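Subject: Structure handover

Hi,

Here is the structure for your files. Please open it first, then read the notes below.

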Amino acid sequence: MAPEYELYTYFRSSCSARVRIAAHWKGIELKYKYIHLLKNEQQASDYADRCNPGMTVPTLVVREDGKEFLIRQSVAILEYFEEAHSDLPRLLPPASDPEARAKVRDLVNIIACDTQPLTNLKILNRVRPLGVAAEQWQQDFMSAGLQAYEKIASSTAGRFSVGDEVTLADVVLIPAVDNALRFKVDMSFFPTIKRIHDEAQKLEAFQKGSWKTQPDTPEELR
C-alpha cells in the first residue's frame, strides 16, 4: 500500500514551496493543512507540541501500514522523496555521478543553510524591534546568498542549475528568487539565476507549487 502524505504548509513559506514543487515534479499526492505564520498558528500547542517543536513549516506527516512518522525539515523531506520514490522522475543526478550530486547539494545548501535562515520570519521579528529596516535586511542577505549561488552556478548551469535537467538545486532556488523579487532585489546582478528562474516558470510543477497558486493564497495576492 502506498504511503499517504499530509503537508503542513503556508503559501508564502519558501521552505514549504520547495516541498510542493518537488511533489508536483515527482507526481506525489499531498494533502495540505494550512498554518498561517502571520497569525502565529505555528505556535499553537496542537501544532508545536504534536508536530513541530521548532514552530516552523513545513512538516510532512507520512502514514503507511498503520504507522506514522514526521519529517520537519524541508531538505530532509526532499531527500526522503528521492529515496522513497526513486522510481519517479528524479531530482538528483544518478548515483553513478557523485560529483554532480555534490554540486547539486552544494547549491541547495547555499540557499537552505546560508541564506533562508537569515531571512525568515523568526529573524525579522527579532530585528524589527532593534530599528532594523526589514526590506533592507532582506535585500542585503538575499543578495549575498544569490551572489554566491550565481558565482557557482555560472560554471555548473546548463538550462538549469546543474546541467540541463531540473534538480533539487532548482527546487530550492526558485522559491528563494520569488522571495527576493518580493523584496525588490535587483536580479540584473544575477543573470544565470534569472535565466534559470525564467525557465522554471514554464514548467507545470513550479507553477503549481508557487506561492501564487495555493488554496491559502489570499485572492488579492494571486
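Two strands pair if DSSP finds at least two bridges between them. Helices (H or I, at least four residues) and strands (E, at least two) are DSSP runs, numbered from the N terminus.

The model is predicted: local features need pLDDT of at least 70, side-chain atom pairs count only at pLDDT 80 or more, and totals for chains, interfaces and linings use all residues. Residues are numbered from 1 along each chain as its sequence is written, and side-chain values use heavy atoms, with hydrogens and water left out.

Strands first. L7 stands opposite Y32 in β2. Strand β1 (residues 4-9) pairs with strand β2 (residues 31-34) in the parallel sense, over 4 bridges. From β1 the chain crosses through helix α1 (residues 14-26) to β2, and this β-α-β crossover is right-handed. That is, with the strands pointing away from the viewer, the path from the first strand over the helix to the second runs clockwise.

Next, helix α8 (residues 191-200). Its buried residues are T192, I193, I196, H197, E199 and A200. Seen down the axis of α8, they fall within an arc of 160°, so they line one face of the helix. The arc is that of the directions from the helix axis to the C-beta atoms. Buried means under 20% relative accessible area, exposed over 50%, partly exposed in between (1.4 Å probe, protein chains only). The buried residues of α8 pack against α6 (134-156), α7 (168-182) and α9 (204-209).

Now the open space. On a 1 Å grid over the protein atoms alone, a pocket is an open set with protein on both sides within 12 Å along at least five of seven lines, while a cavity is a set of points where a 1.4 Å probe fits but cannot get out; lining residues have an atom within 4 Å of a point. Grid points are joined across faces, edges and corners, and a volume is the space filled by probe spheres set on the points.

The largest pocket has a volume of about 1000 Å³. It is lined by 46 residues; L37, Q116, T119, N120 and L121 lie nearest its centre. The structure also holds 2 cavities of 30 Å³ or more. The largest cavity has about 60 Å³ of space. Its lining includes F11, R12, P175 and W211. Helices α1 and α7 are the elements that give two or more residues to that lining.

Last, M55. It lies in the loop between α2 (45-48) and β3 (59-64). At 33% relative accessibility, M55 counts as partly exposed.

Best wishes

Conventions: Contact = heavy atoms within 4.5 Å.
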